[in-house]
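Subject: Structure for you to look through

Dear colleague,

I am handing over the structure we talked about, and below it you will find my notes on what came out of it. Please read them with the structure open beside you.

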Amino acid sequence: NPINLIENSNMENHFAWSGSSALVSGVDTYTTAQAHSYGESYRLHGDYVSFKHIVQWIPVRGKSTDTYVVSGWAKGASLSKVNNPDSRFCLAVTVVYTDGTKRDLDDIEFDRYVRDWQYVSKAFTVQHPDYPDKIAARLEIYCVYDFNGNGAYFDDVQLIKDVAPTYTYDDEGNLTSVKDLAEQKSEYEFSNNVLVRTLNPTGSSYINSYYWNDKNRLESSVA
């Protein structure tokens, strides 16, 4: 079975996660106020002028073509990009290579218009697009709530290494399928660069349905 490389992924044990310098003691913290599973999550309180995140550094070893899947749950009352274009509500990944260089991957964004618990997932390769022989030394996994209002809760974050010799992308650069050595395959379906469906090798799937009003703004989303 795949092993989750994230320690304290369900936020129950109050260790392993480090916070940015803007976090406020007693405000940005583990809490029982909300939880996706078990009894606790991690709360980041909104601040319009601050970088706010928690992070884990995960040492990794392997090949330049290794593939991982990162996922997690969050519940928030985020500002829209219209209110603050610099605001973020997402999971984020940074690949650090053995030569000390870093590569930030695209944000894995949560839906800003959903107020209930929601799930995001993304498969990625550590291979550098310009220097394909570079080897990853660690992965930095972030729960991010930068330059935002109100607050957000994060829970059940996972990082799984997948033995994946083949993977394919769509025209937007989204990783659309990962096929492992046992011929199991995870598929990711996008529409207008938005993840709408995830199909796992077990046959289970997550489906996001989006309904747009006449002003072309997201009105509701059901996972």
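Asp99 is partly exposed, because its relative accessible area is 48%, and buried means under 20% while exposed means over 50%. Please keep in mind throughout that this is a predicted model. Asp99 forms a salt bridge with Lys134, and the closest N and O atoms of the two are 3.2 Å apart. Asp99 sits in the loop between S6 and S7, whereas Lys134 sits in the loop between strand S9 (118–125) and S10, so this pair ties together parts that are 35 residues apart in sequence. Lys134, for its part, counts as buried, because its relative accessibility is 17%.

This pairing is one of seven salt bridges that the structure holds.

Arg88 forms a salt bridge with Asp107, with 2.8 Å between the closest N and O atoms. Arg88 belongs to the loop between S5 and S6 and Asp107 to the loop between strand S7 (102–104) and strand S8 (108–109), so the pair ties together parts that are 19 residues apart in sequence. Arg88 also forms a salt bridge with Asp146, and here the closest N and O atoms are 3.0 Å apart. Since Asp146 lies in the loop between strand S10 (136–144) and strand S11 (148–162), while Arg88 lies in the loop between S5 and S6, this second pair ties together parts that are 58 residues apart in sequence.

Asp146 is buried, because its relative accessible area is 1%.

The loop that holds Arg88 also holds Asn83, which lies between strand S5 (67–76) and strand S6 (90–97). Asn83 counts as exposed, because its relative accessibility is 56%. The side chain of Asn83 makes a polar contact with the side chain of Ser80, at 2.8 Å. Asn83 and Gly149 are 66 residues apart in sequence, and their C-alpha atoms are 9.7 Å apart in space.

Another asparagine, Asn8, lies in the segment before strand S1 (18–19). Asn8 counts as buried, because its relative accessibility is 6%. The side chain of Asn8 reaches the backbone nitrogen of Glu12 at 3.0 Å. If its neighbours within four places in sequence are left aside, Asn8 is in contact with Asn13, His14, Phe15, Ala16, Trp17 and Tyr30.

Sorted by kind, the residues lining the second largest cavity comprise five nonpolar, one polar and three charged.

Conventions
Residues numbered from 1 in each chain as written. Predicted model: local features only at pLDDT ≥ 70, side-chain atom pairs only at ≥ 80, totals over all residues. Heavy atoms only, no water. Helix = DSSP H or I, 4+ residues; strand = E, 2+ residues; numbered from the N terminus. Buried < 20%, exposed > 50% of the residue type's maximum accessible area, 1.4 Å probe, protein only. Polar contact = N/O pair within 3.5 Å; in protein donor to acceptor, adjacent residues only side chain to side chain. Salt bridge = Lys/Arg side-chain N within 4 Å of Asp/Glu carboxyl O. Nonpolar A, V, L, I, M, F, W, Y, C, P; charged D, E, K, R; others polar. Contact = heavy atoms within 4.5 Å.
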